[in-house]
Amino acid sequence: MNHIGTQYIETERLILRRFEPSDAPAMFANWASDDEVTKFLTWPTHADVSVTEGILGQWVPQYEKDDYYNWAIVLKEHGSQPIGNINVAHWSEDREAPEIGYCMGRRWWHQGIMSEALGAVLDFLFDQVGVERIVALHDTNNPHSGGVMRKCGMVFDGVREKAGKNNQGVVDMARYVLKAGDR
């Protein structure tokens, strides 16, 4: 594996880039303060922008690590303001299967934006980092997230009962996998 850290990625409609401290107001306004966005996430809705500033204060220094992958999703037509994020949430013990996590502001749902971002991150992790397989999970009560995964070629690998905990409590998790050779 060739860890190179969070790199700039550009797609037809998107720029995936590192977060900056100045992104806090947009992150707060666009998704972190929205109960509907955080409903299926593991972190609570941000009560005010100072919480978002604190999170970015933790994330930004992590970019010094070559094995840290966390992108701000920027819609080119929307300027430099992030509308969501996508990251490697966890690495498996064998470090060969990163687990991808993502969220995005409600205003941009159902437009293919997250599928475009996930596809670009999958390509980056396979082609640049050299991973052999990638995993993503979603609360079974959030089927739209599974639709994003399927659209990007990920294959359903079963449901893990009571395998996750998010803002809904302990939940069943659907698991998707994509192997390098199956792309």
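Tutor: For counting charges, Lys and Arg are taken as positive and Asp and Glu as negative, while His and the chain ends are left out, and each charge is placed at NZ of Lys, CZ of Arg, CG of Asp or CD of Glu. On that basis the protein chain has 18 positive and 26 negative charges, whose mean positions lie 4 Å apart. The model is predicted, so local features need pLDDT of at least 70 and side-chain atom pairs pLDDT 80 or more, whereas totals for chains, interfaces and linings use all residues. Residues are numbered from 1 along each chain as its sequence is written, and side-chain values rest on heavy atoms, without hydrogens or water.

The protein chain contains five helices and eight strands, where helices (H or I, at least four residues) and strands (E, at least two) are DSSP runs numbered from the N terminus. Along the sequence they follow the order β-β-α-α-α-β-β-β-α-β-α-β-β. Along the principal axes, the C-alpha atoms of the protein chain fill a box of roughly 40 × 35 × 30 Å. Of its 183 residues, 48% count as buried, which means under 20% relative accessible area, with exposed meaning over 50% and partly exposed in between (1.4 Å probe, protein chains only).

Histidine 110 sits in the loop between strand E5 (98-104) and H4, and its phi is near 65 degrees, a positive value in a residue other than glycine. Most residues other than glycine have a negative phi. Histidine 110 counts as exposed because its relative accessibility is 64%.

Helix H4 itself covers residues 113-129, and at 1.5 Å a residue its 17 residues should span 24 Å, which agrees with the 23 Å between its end C-alpha atoms; the expected span is 1.5 Å times one less than the number of residues. Since 14 of the 17 residues of H4 are buried, the helix is largely enclosed by the rest of the structure. Just after H4 comes glycine 130, with a positive phi of about 85 degrees.

Lysine 162 is exposed, with a relative accessible area of 62%.
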